[in-house]
Structures are given as structure tokens and as C-alpha cells.
Amino acid sequence: MDPSRISLRRFHLPDVDDFLKWASDDKVTRYLRWNTITSREEALSYLQKVAIPQTYRRSICLDDRSIGYVSIKPGSSNDKSRARLGYAVSAGYRGQGIATAALKMAVANAFTEFQGLVRVEALVEVENIGSQRVLEKVGFLKEGLLRKYGFCKGEIRDMIVYSFLSTDMIK
């Protein structure tokens, strides 16, 4: 995959149809906290109320078409030194290095965009081996297992915590 074809940008309302293509796929939303989007109206509402207003939620684009997202949410008040990373990529584009390239861009941007940020962390379900590999390719360090930690799709699940510090090097 030619890395020049991959970009991050804010979501726009005209992304609705591309967004719906991947956000309506259970394979994509399986490990996400939000449910599969089932209609164009729901996709438009999600973009308007969630994706666009968030400080750092970017569309992962291939040739400027939305094929996924990455979000970085800094903590509040005394917790601004760390942020939580989340992402997803269309099932049809997995295994091509797109998620890895997008996360490298997002993590590099995070430390300049958020003053005082020292740590970006990601929580990954134990079963989500693909996401663990992506994080490790970017340079995240696997810190440990959090037993029965994350609530997703009606279940409390074991999570693995990964971190990337401002002093770490992107691979």
C-alpha cells in the first residue's frame, strides 16, 4: 500500500455513505463500544452528534474516502497527561498496513496537539489479536492484563492495556 494514499482528516457530513459502509459491518464494530450502524439516518446522526464534535476523532481515509476512524481522548482536569486511543478499519482494508500507518500519524499528532500529554493508552480485548499486532507495530508497549475490565456488547471482558509515551519512538 502506497502510504501517500492514506490520510487522517476530520469527518464531514458527505462522508455518510462511506462511513455507513464500514460502520454497518459487524466484523468492524465487534470490539467497539458503539453498536453497528444500521441506516443512513443513524449514520448521519452519529456523524453530527459524535464524530464531528469530538476534539480528536479523525476519519482514516484512502484516497480521501473514509474507511475507518481513529480517536484520541485526553483525560480531564488532573488526568490530561494521558489519553485513550480507539480505532477501527473497514474489514476489506485489513492486513494492508493502513491501520498501522494511520495510528503512527495519529500518535505523532497527539503529542503536539494536546499540551502536557505524556501517555497514550489503548485497551484491547484479549481475543482481538489483530489490533494487538497493529499497536505493537506502531511501537506501543504491552503492559498487562486487566481482568473483567471492559464492558462491551453486554459482557464484561478481559482487556490488555498498551501504552505509548511521549519519549517512545514510533517504529
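**Sheet and helices of the predicted model**

Strand 6 and strand 7 run antiparallel and are joined by eight bridges. Within this pair, Leu 145 has Ile 160 of strand 7 as its bridge partner. The two strands form a hairpin in which two residues lie between them, and Lys 153 in the turn has a positive phi of about 55°.

Strand 2, residues 57–62, and strand 3, residues 65–74, run antiparallel and are joined by six bridges; here Arg 57 stands opposite Ser 71 in strand 3. Strand 3 is also joined to strand 4 by seven bridges, and these two strands run antiparallel, with Val 70 standing opposite Tyr 87 in strand 4. Strand 4 and strand 5, by contrast, run parallel and are joined by three bridges, and in this pair Ala 83 stands opposite Val 120 in strand 5. Strand 4 is mostly covered, since six of its eight residues are buried, that is, under 20% relative accessible area.

The loop between strand 2 and strand 3 contains Asp 63, and Asp 64 has its place in the loop between these strands as well. Asp 63 has a positive phi of about 55° although it is not a glycine. At 45% relative accessibility, Asp 63 counts as partly exposed, and Asp 64, with a relative accessible area of 47%, is likewise partly exposed. Along the chain, Asp 64 and Ser 39 are 25 residues apart, and their C-alpha atoms are separated by 22 Å.

Turning to the helices, helix 3 spans residues 40–51, and its buried residues are Ala 43, Tyr 46, Leu 47 and Ala 51. These residues lie on the same side of helix 3, because they cover an arc of only 100° around the axis. The face turned away from this buried side carries the exposed residues Glu 41 and Lys 49. Among the elements that cover the buried residues of helix 3 are helix 1, residues 16–23, and strand 2.

Two packed helices are described by the angle between their axes and the distance between the axes. For helix 1 and helix 3, the axes come within 9 Å and cross at roughly 105°. The two helices are therefore roughly perpendicular to each other, a class that takes in angles from 65 to 115 degrees. On the side of helix 1, the contact is made by Val 16, Asp 17, Phe 19 and Leu 20, and on the side of helix 3 by Arg 40, Ala 43, Leu 44, Tyr 46 and Leu 47. These contact residues divide into seven nonpolar, no polar and two charged.

Helix 5, residues 129–138, has Ser 131, Gln 132, Val 134, Leu 135 and Val 138 as its buried residues. Seen down the axis of helix 5, they fall within an arc of 160°, so they line one face of the helix. The buried residues of helix 5 pack against several strands and another helix, namely strand 4 (82–89), helix 4 (98–113), strand 5 (119–125), strand 6 and strand 7 (155–165). Just after helix 5, Gly 139 takes a positive phi of about 120°.

Technical notes:
Residues are numbered from 1 along each chain as its sequence is written. This is a predicted model: local features need pLDDT of at least 70, side-chain atom pairs count only at pLDDT 80 or more; totals for chains, interfaces and linings use all residues. Side-chain values use heavy atoms; hydrogens and water are left out. Two strands pair if DSSP finds at least two bridges between them. Helices (H or I, at least four residues) and strands (E, at least two) are DSSP runs, numbered from the N terminus. Buried means under 20% relative accessible area, exposed over 50%, partly exposed in between (1.4 Å probe, protein chains only). The arc is that of the directions from the helix axis to the C-beta atoms. Contact means heavy atoms within 4.5 Å. Axes are lines fitted to C-alpha atoms, for helices over the stretch in contact, and angles run from 0 to 180 degrees between N-to-C directions. Angles under 35 degrees count as roughly parallel, over 145 as roughly antiparallel, 65 to 115 as roughly perpendicular and the rest as oblique. Ala, Val, Leu, Ile, Met, Phe, Trp, Tyr, Cys and Pro count as nonpolar, Asp, Glu, Lys and Arg as charged, and the others, Gly among them, as polar.
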